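Q: Could you walk me through this one? I have just opened it and would like to ask things as they come up.

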Amino acid sequence: MADATIGLWGVPVAVLGGAVRVSTPFLFVSLGECITERSGRINLGLEGTLVMGAMCAYGTSYLTGSPWLGVLAAGGVGSILGTLHASICGLPRVNDIAVGIALMLFGTGLAFYLGKPLIEPSAPILPSIDFGRWSDVPQVRAVLKINVLFLVGVALAPLLVWALNTTRWGLILRTAGESADAARAMGYSVNAIRLRATMIGGFFSGIGGSFLSLVYPGNWNEGLSSGQGITAVALVIFARWNPMLCFWASLLFGGAAALGPALQSVGISQGYYLFNAAPYMLTLLIMIITCSPKRTLAGAPAELSIIK
Amino acid sequence: MKAQKQASLSAARAALNRLGDAAEYVIIPALALVASLILFGIFVALFGNNALDLYFYMYQGAFGTWFSWQNTLTRSAPLILTALCTALPAQLGMVIIGGEGALLTGALAATAAALAMPTAPPFVVQITMAVAGIVSGGLWIALAGGLRHYRGVNETISSLLLVYIALAILNQLVEGPMRDPTSLNKPSTREIGAENMIGTIPGTDIHWGFAFGIVAAVLAYVLIYHTVFGFAARVAGGNIRAAKVVGLAVGRLILVTCFLAGGAGGLAGMVEVAAVQGRTNANLAVGYGFTGILVSFLARHNPLAVIPVAILLGGIGASGGLLQRRLGLPDASVFVLQGIIFVTVLMSETLYGRFRLSARKAA
């Protein structure tokens with residue numbers, strides 16, 4: 001057994017590998033939500049978008065034989081859900097948090113409905129790049145088998161920082177998030193800006209969902225995502241609406257989520273379920289530590305309903 | 001004389017306006033509901049089913065026979081209680097969506113209480129179970145409320161995270177310390193015993209949980225609209241600064257309200273154990289807590305309106321089985337319809353005041 005060769009070292013190695021593997025959906029959803037929230041609106045429905053994305057990606061990949069088309073389809077359906085969220089929120093007197101909850105239930109329900117025939121068949125999944133050929137230890141090789149989507153996400157984070165901070169588009173988006181009046185005074189439609197931001201957020205979340213069904217765990221079932229979407233939304237708050245911090249936070253959460261399976265792989269199955277809930281407990285703990293009733297959070301978009 | 005006439009006229013106009021307001025609260029959600037049913041019919045028709053068949057079987061499965069009525073009312077019991085878990089904090093302007101977590105902790109605590117006292121008379125066991133369920137569910141949601149007040153943690157996110165944590169604790173206990181060794185395929189706790197079940201309302205198959213739900217909803221209504229506490233809560237919900245200025249203890253209001261809300265959710269868990277399942281296992285997490293959120297929003301967070309809305313959604317849930325058998329629809333079709341209703345109802349929020357405006361012009 002290879003376990004014997006590295007023994008308990010298998011745990012940190014597996015956690016590290018898990019961090020890379022499990023973090024990708026967190027990364028995409030949090031980057032998407034980051035864009036949406038910087039425009040001054042919160043979309044709690046990304047949990048539903050994630051599940052819909054996973055289902056659509058799997059279905060498309062199964063029907064067409066191309067997992068990349070699946071990723072695209074997931075992004076597409078994510079944008080549609082994002083657009084739906086934004087257009088409902090654009091109506092007067094409609095609360096964005098409530099709409100998010102509604103779309104969370106709608107998205108998961110729809111995905112379960114349409115995904116019923118997809119539980120049995122196996123679809124082609126996305127390829128990974130093997131960076132670990134040099135190593136003889138299977139665990140190390142497993143860690144270094146890195147998926148292309150993760151690399152895309154890694155590249156996306158600094159790109160978003162740049163786009164938000166230096167481009168004209170980023171400035172307009174942030175203006176809508178900091179002061180809707182200022183954006184209006186400049187002649188921009190706040191609703192149109194937020195519509196685009198929510199649409200892009202949905203696109204990314206859908207792609208995050210495609211990772212779940214096409215890479216890891218790499219199948220479709222109704223228990224695929226339980227709360228990853230909502231954890232990612234909380235993660236954005238923790239990351240102070242900064243895409244680079246979203247990246248590091250996703251890695252942290254991925255590692256936490258990998259703790260249970262990693263311990264199980266070396267034979268520690270005590271508390272398996274509690275370890276599986278580690279990301280949620282971590283989220284809650286971090287929110288307790290970093291939030292404060294006295295001041296608004298540093299870096300928070302002023303128009304965001306959730307911090308008011 | 002003239003002034004008197006004018007006064008009575010304006011009083012009549014005010015009454016008319018009030019009536020218009022009340023009518024709006026009935027007409028707009030009803031319109032949203034009809035629109036959702038039409039949308040769902042179209043959705044189902046897209047997959048080659050007859051929409052009229054759908055409506056017929058939905059009606060049959062929900063309200064068509066005495067049997068389906070009983071099924072509907074039985075399902076509405078936990079929905080009334082979990083809806084209160086969202087409706088009570090909503091008076092304070094808080095959006096709590098963790099009713100499922102309160103239900104699970106309540107079920108777990110109630111089961112543990114029953115298993116801890118094997119020789120006690122059933123009546124004592126049942127009371128203890130209810131208290132255990134209410135207290136544990138109450139503390140669970142009060143935690144979310146407390147975090148909101150003392151740490152500024154968003155209660156919507158924290159209460160949802162607590163659902164997943166509650167589920168993990170439940171799975172852990174059911175697989176580990178509380179596991180009945182004879183439950184092989186579906187890990188469960190031991191049974192609480194037939195004599196400790198709360199039984200059905202005489203002459204029906206509806207369990208007493210339904211009565212608990214009605215009583216809880218009425219109590220919640222009285223609390224919110226006819227007590228100083230409820231008035232204070234609504235003031236704090238309307239304007240938190242004003243509430244602080246007039247010296248209301250906002251923190252206490254939040255904690256007590258969240259405790260009561262969670263207590264209702266916990267009672268739902270106790271009812272599901274003591275009237276339906278007889279034990280705790282993962283079967284309890286079927287989404288009553290999430291449907292409860294929808295019930296509360298559809299009832300506009302009014303505890304009395306929660307009752308008919310819960311019956312309606314209980315009916316939709318009850319018809320799911322028939323839709324599965326007769327039309328071959330997946331069991332998730334109920335969730336799709338619930339999602340459509342939720343979205344439509346929120347969209348209809350934008351309509352409030354439009355009818356009122358035209359009524360005023362006419363007057």
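Q: What share of the residues of chain A counts as buried?
A: Of the 308 residues in chain A, 56% count as buried, and please keep in mind that this is a predicted model.

Q: And what is chain A built from?
A: Chain A contains 14 helices together with two strands.

Q: What are its spans along the principal axes?
A: The C-alpha trace of chain A spans about 70 × 45 × 35 Å along its principal axes. Its radius of gyration is 20 Å, which agrees with the value near 19 Å that a compact globule of 308 residues would have.

Q: I clicked on A:Gln139; where is that?
A: A:Gln139 lies in helix H6 of chain A, which covers residues 138-143.

Q: Is it buried or exposed?
A: A:Gln139 is buried, because 22 other C-beta atoms lie within 10 Å, and the cut-off for being buried is 20 or more.

Q: What separates it from A:Gly109?
A: A:Gly109 is 30 residues apart from A:Gln139 along the chain, and the C-alpha atoms of the two are separated by 37 Å.

Q: Switching to chain B, how many helices and strands does it have?
A: Chain B has 14 helices and zero strands, so its radius of gyration is the next thing to look at: the value is 22 Å, close to the 21 Å from the globule rule for 363 residues, and chain B is therefore as compact as a globular protein of that length.

Q: What about its spans, and how much of it is buried?
A: The C-alpha trace of chain B spans about 80 × 60 × 40 Å along its principal axes, and buried residues make up 51% of its 363 residues. Among the contacts in chain B between residues at least 6 apart in sequence, 77% join residues at least 24 apart.

Q: Which residues of helix H8 in chain B are buried?
A: In H8(B), residues 228-238, the buried ones are B:Ala232, B:Ala233 and B:Ala236. They are on the same side of H8(B), because the arc they cover around the axis is only 100 degrees.

Q: Which residues have the most contacts inside the largest nonpolar core?
A: They are B:Ile80, B:Leu84, B:Ile141 and B:Val306, in a core of 221 residues. H10(B) gives the most to this core, with 15 residues.

Q: What does B:Ile80 touch?
A: Leaving aside residues up to four places away in sequence, B:Ile80 touches B:Gly213, B:Ala216, B:Ala217, B:Val306, B:Ile307 and B:Ala310.

Q: Last topic: how many residues are in contact between the two chains?
A: On the chain B side 39 residues are in contact with 40 residues of chain A. Helix H5 (122-151), helix H6 (155-175), helix H11 (288-298) and helix H13 (333-348) of chain B each supply at least two residues of the side that touches chain A, and the largest share, 11 residues, comes from H6(B).

Q: How do the residues on that side divide into nonpolar, polar and charged?
A: The side of chain B that touches chain A has 25 nonpolar, 11 polar and three charged residues.

Key:
Residues numbered from 1 in each chain as written. Chains lettered and ligands numbered in written order. Predicted model: local features only at pLDDT ≥ 70, side-chain atom pairs only at ≥ 80, totals over all residues. Contact = placed C-beta atoms within 7 Å. Helix = DSSP H or I, 4+ residues; strand = E, 2+ residues; numbered from the N terminus. Nonpolar A, V, L, I, M, F, W, Y, C, P; charged D, E, K, R; others polar. Buried ≥ 20, exposed ≤ 12 C-beta atoms within 10 Å, placed from the backbone. Arc of directions from axis to C-beta. Rg over C-alpha atoms; globule rule 2.2 N^0.38 Å. Core = buried A, V, L, I, M, F, W, Y, C linked by C-beta atoms within 7 Å.
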